[in-house]
Amino acid sequence: MKITVTAALLLGALSLAAGAGPAIAGETIGVVRNASGDATVTRGEKTLPAAPGLKLMVGDILGTGRDGSLGVILRDDSSLSIGPGSRLVLRSFLFSTKEGTFDLVARITCGTMAYLSGLIGKLAPEKARFETPTATIGIRGTRFAVKVEEPSAR
């Protein structure tokens with residue numbers, strides 16, 4: 001219950017800031033909602049344990065071990081759920097309703113992820129993209145799940 005209240009307060013604060021302008025270097029683009037097992041956020045040379053309330057920035061690498069999972073809420077209210085053995089990079093994020101600038105690009109290189117679209121996916125679905133080693137996923141709905149496996153040897 002305490003974690004839910006804390007996450008709701010953080011999300012509310014992020015939502016208030018959302019209309020201020022696009023994310024710039026070093027600006028918070030989202031927050032870790034929940035984490036379990038081996039879950040980390042790598043920022044530059046630092047690897048941080050993922051914990052509820054940890055602020056996320058463009059360029060962060062979200063990673064989970066074999067027993068890990070991670071839930072994230074971005075400033076536009078998008079939700080990412082990352083399963084065990086996953087690696088995802090938050091490559092780009094712009095969200096300014098005042099300026100009409102929107103962009104969300106994430107790259108998942110291995111593991112599983114589920115996405116529930118926020119305002120970017122609703123206002124400018126063509127601006128929300130998820131890349132995998134073999135394809136790019138464009139958003140045409142409100143949610144999807146993806147699994148990226150190691151290529152099979154032939």
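In which loop does Thr132 lie? In this predicted model, Thr132 is found in the loop between strand 10 and strand 11 (136–138).

View 1. Not counting residues up to four places away in sequence, Thr132 touches Arg107, Ile108, Ile137, Val146 and Val148.

**View 2. Strand 5 (residues 61–64) and the directions in which its residues point.** Ile61 and Gly63 point one way from the strand, whereas Leu62 and Thr64 point the other way, and all are buried. In a regular strand the side chains alternate between the two faces of the sheet.

**View 3. The pairing of strand 5 with strand 2 (residues 39–43) and with strand 8 (residues 87–96).** Strand 2 and strand 5 are antiparallel and pair over 4 bridges, with Ala39 standing opposite Thr64 in strand 5. Strand 5 and strand 8 also run antiparallel and are joined by 3 bridges, and here Leu62 stands opposite Leu88 in strand 8.

**View 4. Leu88 and the largest nonpolar core.** This core has 29 residues, and those with the most contacts inside it are Leu62, Leu80, Leu88 and Met113. Several strands each supply at least two residues of the core, among them strand 2, strand 8 and strand 12 (143–148), while strand 9 gives the most, with 6 residues. Leaving aside its neighbours within four places in sequence, Leu88 is in contact with residues including Leu62, Leu80, Ile82, Ala106 and Met113.

Technical notes: Residues numbered from 1 in each chain as written. Predicted model: local features only at pLDDT ≥ 70, side-chain atom pairs only at ≥ 80, totals over all residues. Heavy atoms only, no water. Buried < 20%, exposed > 50% of the residue type's maximum accessible area, 1.4 Å probe, protein only. Pairing = 2+ DSSP bridges. Core = buried A, V, L, I, M, F, W, Y, C linked by side-chain atoms within 4.5 Å. Contact = heavy atoms within 4.5 Å.
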